[in-house]
Amino acid sequence: MSRIGKKAVDLPSGVTASVSGQTIEVKGPKGVRTFRATDDVTMTVGDNDVTVTPRGKSKRARQQWGMSRTMIRNLVTGVTEGFKKELEIQGVGYRAAMTGNTLKLNLGLSHDVDYTPPEGVTVTAPKQTEIIVEGIDEQLVGQVAANIRAWRKPEPYKGKGIRYKGEFVFRKEGKKK
C-alpha cells in the first residue's frame, strides 16, 4: 500500500480543481496547471480535496498511485505559493546581472554568457553574486537552475563556480611539493 497515495491533497481557499478523463486542471492565484495521469489511477475531486486511488493491485498501479498524488500536490503548491531556487556565485570576477529579460553572466570565460529563461520562469539577480529562479512549475524551475549552474559547476579546489544556496562543496587539498 502506498503511504503517500492514501492521503488526500487539500485544496486551500482560492484554488479549484477539475478532472476530465485522466487530466486534472488546478487553478489558483498564480496561474493554471494541468497534469495527465496514467490509466492506472482514478482521480476524484471532493469539496476541499483531491483523492487518488489505484485501478488494480498491480505493481505499476501502486507506483503511479503515489506519484500521481505527489504531482497533484505539486500543482496545488505551484499555483498557491510557487517554487523558488536560489543560486550563489563564488569566484573572483564572477558576477551576474539582469539586462531586460536576459541574465548576463561573467564567469571567467572568453565571452559573457547570456541566458534567456523560458516562458513561465522569472530569473532575478538581486546582488552580483545571487540568482533567484521562480515559477509555478517545479520541474521547469529546477531545470532552469540546473542549466544556469551547468555553466560553471563548483570546483573542488578553490570552490569557485555557481552553486545552490546552502550546497556543500567537498574541498580537496592541492598538490604538495
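Is lysine 84 buried, partly exposed or exposed, and what is its relative accessible area? In this predicted model, lysine 84 has a relative accessible area of 47% and is therefore partly exposed. Its partner in a salt bridge is glutamate 86, with the closest N and O atoms 3.7 Å apart. Glutamate 86 has a relative accessibility of 28%, so this residue also counts as partly exposed. The pair belongs to a network of salt bridges that links Lys84, Glu86 and Lys165.

The count of salt bridges comes to nine. Among them is the bridge between lysine 127 and glutamate 130, whose closest N and O atoms are 3.6 Å apart. Glutamate 130 counts as buried, at 17% relative accessibility, because the cut-off for a buried residue is under 20%. Another salt bridge joins arginine 149 to glutamate 167, and here the closest N and O atoms are 2.8 Å apart. This pair links distant parts of the chain: arginine 149 lies in helix H3 (residues 138-149), whereas glutamate 167 lies in the segment after strand E13 (161-164), 18 residues apart. Arginine 149 has a relative accessible area of 16% and is buried. Glutamate 167, at 25% relative accessibility, is partly exposed.

Helix H3 has twelve residues. From its first C-alpha to its last, H3 reaches 16 Å, close to the 16 Å expected at 1.5 Å a residue. The residues Val141, Val144, Ala145, Ile148 and Arg149 of H3 are buried. Seen down the axis of H3, the buried residues fall within an arc of 135°, so they line one face of the helix. An α-helix has 3.6 residues a turn, so residues three or four places apart point the same way. The cover over the buried residues of H3 includes strand E7 (83-90), strand E9 (102-106), strand E10 (113-115), strand E11 (121-124), strand E12 (130-135) and E13. At the N-terminal end, H3 is capped by aspartate 137, which has a side-chain oxygen 3.2 Å from the backbone nitrogen of glutamine 139.

Helix H2 has 22 residues and reaches 33 Å from its first C-alpha to its last, close to the 32 Å expected at 1.5 Å a residue. The buried residues of H2 include Ala61, Trp65, Ile72, Leu75 and Val76. Gln64, Ser68, Arg69 and Asn74 are also among the buried residues of this helix. After H2 comes glycine 82, which has a positive phi, near 85°.

Arginine 69 lies in H2, which spans residues 59-80. Arginine 69 is buried but has no salt bridge. The nearest side chain of opposite charge is that of aspartate 10, 7.0 Å away, and a salt bridge requires a nitrogen and an oxygen within 4 Å. Not counting residues up to four places away in sequence, arginine 69 touches Ile4, Gly5, Lys7, Ala8, Val9 and Val52. Asparagine 74 is also found in helix H2, and at 16% relative accessibility it counts as buried. With residues up to four places away in sequence left out, asparagine 74 touches Phe83 and Glu138.

Aspartate 10 is located in strand E1 (residues 9-10). At 58% relative accessibility, aspartate 10 counts as exposed. Its contacts, leaving aside neighbours within four places in sequence, are with Asn48, Asp49 and Val76. Aspartate 10 and glutamate 88 are 78 residues apart in sequence, and their C-alpha atoms are 34 Å apart in space.

Two further positions were described by location and distance. Lysine 57 is in the loop between strand E6 (49-54) and H2. Lysine 57 is exposed, with a relative accessible area of 79%. The C-alpha atoms of lysine 57 and glycine 161 are separated by 48 Å, and the two residues are 104 residues apart along the chain. Glycine 31 is placed in strand E4 (residues 31-36). Not counting residues up to four places away in sequence, glycine 31 touches Val26, Val79 and Ile136.

Methods:
Residues numbered from 1 in each chain as written. Predicted model: local features only at pLDDT ≥ 70, side-chain atom pairs only at ≥ 80, totals over all residues. Heavy atoms only, no water. Helix = DSSP H or I, 4+ residues; strand = E, 2+ residues; numbered from the N terminus. Buried < 20%, exposed > 50% of the residue type's maximum accessible area, 1.4 Å probe, protein only. Lys, Arg positive; Asp, Glu negative; His and termini not counted. Contact = heavy atoms within 4.5 Å. Expected span 1.5 Å × (residues − 1). Arc of directions from axis to C-beta. Polar contact = N/O pair within 3.5 Å; in protein donor to acceptor, adjacent residues only side chain to side chain.
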